[in-house]
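Work through the exercises below with the sequence and the model side by side. Try each task before reading its solution.

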Amino acid sequence: MRYQVLVTAGVFFGLFFIEYPPLFMLGYWAWPYTVGYTAHKVISGLFILLNLGITQYAVRRWRFFRRASDADRGQVRAGPNSA
């Protein structure tokens, strides 16, 4: 379980740090202070939501966190011919 969490966190933060430098430059330096600050906060919030969606899609596609089957949990009932 620890491996899955580390990879999932790595994907999320990797996406964020790839997107953040251009976003920082756009938000803080392209417009006057108040507009740039607000634009930066709004756009970074949207990117965080986008990254969460991408990460969730990737984790589901990789089947990292699937529920254990009955056999894995030891809840399989014995058949009629078992001893």
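This is a predicted model, in which local features need pLDDT of at least 70, side-chain atom pairs count only at pLDDT 80 or more, and totals for chains, interfaces and linings use all residues. Residues are numbered from 1 along each chain as its sequence is written, and side-chain values use heavy atoms, with hydrogens and water left out.

**Exercise 1.** State how many helices and strands the chain has, and the pattern they follow.

Solution. Step one: helices (H or I, at least four residues) and strands (E, at least two) are DSSP runs, numbered from the N terminus. Step two: counting gives 3 helices and 0 strands. Step three: along the sequence the pattern reads α-α-α.

**Exercise 2.** Check the span of helix α2 against its number of residues.

Solution. Step one: the expected span is 1.5 Å times one less than the number of residues. After α2 comes R63, with a positive phi near 55°.

**Exercise 3.** Classify I48 as buried or exposed, or in between, and name the nonpolar patch that contains I48.

Solution. Step one: buried means under 20% relative accessible area, exposed over 50%, and partly exposed in between (1.4 Å probe, protein chains only). Step two: I48 belongs to helix α2 and has a relative accessible area of 33%, so I48 is partly exposed. Step three: a nonpolar patch joins side chains of Val, Leu, Ile, Met, Phe, Trp or Tyr within 5 Å, from residues with over 30% relative accessible area and no salt bridge (a side-chain nitrogen of Lys or Arg within 4 Å of a carboxyl oxygen of Asp or Glu). Step four: V42, L46, I48, L49 and L52 make up this surface patch, with about 460 Å² of accessible area together (Shrake-Rupley method, 1.4 Å probe, only the protein chains shown counting as cover for residues). For contrast, the buried residues of α2 include G36, A39 and H40.

**Exercise 4.** Find how many aromatic pairs there are, and describe the one between F12 and F13.

Solution. Step one: rings of Phe, Tyr and Trp (its six-membered ring) pair if their centres lie within 6.5 Å; planes under 30 degrees apart count as stacked, over 60 as edge-to-face and the rest as tilted. Step two: this rule gives 3 aromatic pairs. Step three: F12 and F13 are 5.2 Å apart centre to centre with 70° between the planes, an edge-to-face pair. F12 is buried at 16% relative accessible area, whereas F13 is partly exposed at 45%.

Methods
Patch = residues over 30% accessible without salt bridge, like charges linked within 9 Å, V, L, I, M, F, W, Y side chains within 5 Å.
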